[in-house]
Every structure is written in C-alpha cells, then in structure tokens.
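Reader: I have a chain on screen and a few quick questions. Can you take me through it?

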Amino acid sequence: MDKATRPSVPLRIAGITVLALAGAVPLLLAAPLDVWLAYLRGARAGFEDIGLWAPFVFIVVSALLTAIGFPRLIFCVLGGAAVRCGLGRAVE
C-alpha cells in the first residue's frame, strides 16, 4: 500500500474517538440516574447543613482536590449544579 492510499494517523485517531463515543452512549443511557440523583440530594443536604459556610468550604475543598490532581472541570460542573439546584440562594 503506498502512502497516498493509507489513512493518516489523525484520521485514524478521529475514527477511534468516534467509535469510543458511540460505544459510550449505550452505557450512559443504561446508567442508574436515580442513584446519581440520590447522591446529589445527599450532597445538597450536607451543604445546606453547613449554611453560609458552604461556598467557602466548596472553594477550599475544590482547590485542595485540584491541587492533588483531580480535574477542575468536575468542580465547575458541581458548582454550577449546586447554584442551579438552589444552594446559591444562601449567597444571593
């Protein structure tokens, strides 16, 4: 096979990425959403118990966990979900 007919490496990587994402969709749809929402409700109840200290605690915990290697995007999503789900009322 000559070089002109072989697919390039970026094209192969893109194809593998598309296949991996297509394979992840059924796993995502089969995930027990009720369980994840129960965890979110539990976390929300814990932060409501903290009261006005909740934003400070969230910032400190997310900063420490990010410093040891956790992805910061997770905390962006959790912070947005917390404000959207009503935890932001204590700050507003």
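Author: Terms first. Helices (H or I, at least four residues) and strands (E, at least two) are DSSP runs, numbered from the N terminus. The expected span of a helix is 1.5 Å times one less than its number of residues.

Reader: And what kind of model is it?

Author: This is a predicted model: local features need pLDDT of at least 70, side-chain atom pairs count only at pLDDT 80 or more, and totals for chains, interfaces and linings use all residues. Residues are numbered from 1 along each chain as its sequence is written, and side-chain values use heavy atoms, with hydrogens and water left out.

Reader: How many helices and strands are in the chain?

Author: Four helices and zero strands. The order from the N terminus is α-α-α-α.

Reader: What does α1 reach, end to end?

Author: Helix α1 covers residues 9-29, 21 residues in total. From first C-alpha to last it reaches 31 Å, close to the 30 Å expected.

Reader: Switching to F75. Where is it, and why does it count as buried?

Author: F75 is in helix α4, residues 72-84. It counts as buried because its relative accessible area is 12%.

Reader: What does F75 touch?

Author: F58, S62, L65, T66 and F70, leaving out residues up to four places away in sequence. Contact means heavy atoms within 4.5 Å. F75 and L65 are 10 residues apart in sequence, and their C-alphas are 9.3 Å apart.

Reader: S62 is on that list. Is S62 buried or exposed?

Author: S62 is buried, at 12% relative accessibility. It lies in helix α3, residues 54-67. The S62 side chain reaches the backbone oxygen of I59 at 3.1 Å.

Reader: Now α2. What span does it have?

Author: α2 has 18 residues and reaches 26 Å from first C-alpha to last, close to the 26 Å expected. Just after α2, G51 takes a positive phi of about 80 degrees.

Reader: And L37, where is that?

Author: L37 is in helix α2, residues 33-50. At 36% relative accessibility, L37 is partly exposed.

Notes
Buried means under 20% relative accessible area, exposed over 50%, partly exposed in between (1.4 Å probe, protein chains only). A polar contact is a pair of N or O atoms within 3.5 Å; within protein, one must be able to donate a hydrogen and the other to accept it, and residues adjacent in sequence count only if both atoms are side-chain atoms.
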